[in-house]
Amino acid sequence: MPEAPRCRFAPSPTGYLHVGGAHSALANWLFARHTGGTFLLRIEDTDAERNRPELTENVLEMLRWLGLTWDGDPVHQSDRFDLYRQAADRLLEAGTAYACDCTPDEVQARHGERGGPPGYDGHCRDRGLVPAEGRALRFRVPDSGATGWTDLIRGEVRFEHANLEDFVLLRSSGAPTFLLANAVDDADMAITHVIRGEDHVNGTPKYLLIRGALGSGVPAFAHMPLLVNQGRKKLSKRRDDVSVADYRARGYLAEAMVNYLALLGWGPPDGVEVRPLAEIVDLFDLADVNPAPAFFDPQKLAHVNGEYIRALEPAAFVERAAPFVPPGEERAREALEALAVEVRDRVRTLAEVPELIDFLWRDEPDIDEAAWEKAARGKGAAEVLEGAIAGLSSIGAERWEPGAIRTVVEGAAVEAGLVNAEGRPQLAKAQAPLRVAVTGRAVGPPLFESLAALGPDRTLARLQAARARLP
RNA sequence: GCCCCCAUCGUCCAGCGGCCCAGGACGCCGGCCUUUCAAGCCGGUAACGCGGGUUCGAAUCCCGUUGGGGGUGCCA
């Protein structure tokens, strides 16, 4: 019986959680849940300069929101500097690391002079410098040979040592770099599978060299495809719309986001894309992941989100949409409940909900003038309004429901001459001026249900106001 | 520049030597349904980058090429 897999998501709190990070976290989570393994979280906060502690909470909150729960407590690298220094000492004693007093500027200047490949030139390799404050520690990469691994997604990958420069393990400040801390922690945490983005492929031989020098064995690697934008560039927080928190705020459901993310770089064997997470856990396999970069397509995300929204029970929809209508507004909540199903079936994000029903809680409809002009110019607009006003006035509050309203509007349509060849009322034409008059918009939930929810008094007042605007 | 990775419709995924003159999904276009808009249903559009091999047979294997991406920090 092989040891149970252990994997981890290791975000750096230099920014909020973005969809690329979520994609990589999801791959780890799916792998762990599928294999019955353990999914750990490690906060890589070794860079005091760029570290923003408050962002750690955003990352944790978003992972929780997505449902990507981790096992045990998150590990913070800032608490473990002793561990890294001990490892560095061992490498120093073994001669696989050496002190270096070159400044980054010097390294770059020498590169400028000599040309050729950038990176460190091994200047301090054999100077026998004693480690001290202000001196960095570098790894002595073997002159010959190569380091490689069998990537679970990419197959064989190899790097010639000749192409690897002596990289920094400890900064001159004494703080560990990502390369050292990452490798040491994975060994310490007994990580068996390193699942991360393709942008880490180039750092992997260095990781392997450190682990080899430390004699700590090696985990398996799976480098996930990067998520790219329309220009096929790696998603960037600066220019792309990638904040997970923003997607939540814009009315995307966590389960839809997770389902969509799972579809990037991977697809279920049976082709059923939108499905319960449990089934995805069941089907997911790293060996099936596509190594090519994948475009993060907001349109398809929206489609998947719409499917999830429509699958919600009415009551559940109301609960989840409630935060998107004016809070504390009793009429808003009532409006949501009154037209729950009609609205649910028409939105792709919860943020689209208020514009469909705001006419119910506003004192006056917010009239879209372009829509009004068009409807007012339509044939029989004034007659339909008048007929509706007269007919609806006589319905009475107790019989104010969609069916009765429809009957009145059909009658008004006939009287206004809006009939087809068979003499049937043309409701599409008749409802246009009524809809704009009452809701302010040209499109929205079904009209009769909308008027039923609005009630006779407000409906009639709005129809009369609209009629008054006509010549 | 150098190193590494990648390569099927516009996009995401399927295809792992014959079932493929390539299938599904999003998008787009058209139709049906219909009180608007959606949803739903039906139909259409559209791809194996190129060149060599290997093989009876290649989208599938190999080589090359072209194109794209990533890395190249005392960031992670």
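Which residue has a backbone N or O atom 3.3 Å from a sugar or linking oxygen of RNA strand B? That residue is E44. The model is predicted.

- The protein places 64 residues around RNA strand B.
- Among these residues, C102, P118, R171, K233 and G444 come nearest.
- Sugar and phosphate make up 71% of the atoms of RNA strand B that come within 4 Å of the protein.
- By residue class, this surface holds 26 nonpolar, 15 polar and 23 charged residues.
- Three strands, β5 (136–139), β7 (155–160) and β12 (294–295), each supply at least two residues of the surface near RNA strand B.
- Helices α10 (298–310), α18 (427–439) and α19 (447–454) also supply at least two residues each.

**Polar contacts with RNA strand B**

- E44 uses a backbone N or O atom, and its partner is a sugar or linking oxygen of RNA strand B at 3.3 Å.
- A442 also uses a polar backbone atom, which lies 3.4 Å from a sugar or linking oxygen of RNA strand B.
- R435 uses its side chain: a polar atom there lies 3.3 Å from a base nitrogen of RNA strand B.

**Salt bridges in the protein**

- The count of salt bridges is 35.
- R52 and E54 pair through their side chains, with N to O at 2.7 Å.
- R52 counts as partly exposed because its relative accessibility is 43%.
- E54 is likewise partly exposed, at 45%.
- R362 and D358 form another salt bridge, with N to O at 3.1 Å.
- In this pair R362 is partly exposed, with a relative accessible area of 32%, whereas D358 is buried, at 5% relative accessibility.
- D358 counts as buried because its 5% falls under the 20% cut-off.

**A link between distant parts, and a network**

- R467 forms a salt bridge with E386, and the closest N and O atoms are 2.5 Å apart.
- This pair links distant parts of the chain, 81 residues apart.
- R467 sits in helix α20 (residues 456–469), and E386 sits in helix α16 (residues 381–393).
- E386 is partly exposed, with a relative accessible area of 38%.
- Salt bridges that share partners join R8, R42, E44, R80, D185, D186 and D188 into one network.

Methods
Residues numbered from 1 in each chain as written. Chains lettered and ligands numbered in written order. Predicted model: local features only at pLDDT ≥ 70, side-chain atom pairs only at ≥ 80, totals over all residues. Heavy atoms only, no water. Salt bridge = Lys/Arg side-chain N within 4 Å of Asp/Glu carboxyl O. Buried < 20%, exposed > 50% of the residue type's maximum accessible area, 1.4 Å probe, protein only. Helix = DSSP H or I, 4+ residues; strand = E, 2+ residues; numbered from the N terminus. Near = heavy atom within 4 Å. Polar contact = N/O pair within 3.5 Å; in protein donor to acceptor, adjacent residues only side chain to side chain. Nonpolar A, V, L, I, M, F, W, Y, C, P; charged D, E, K, R; others polar.
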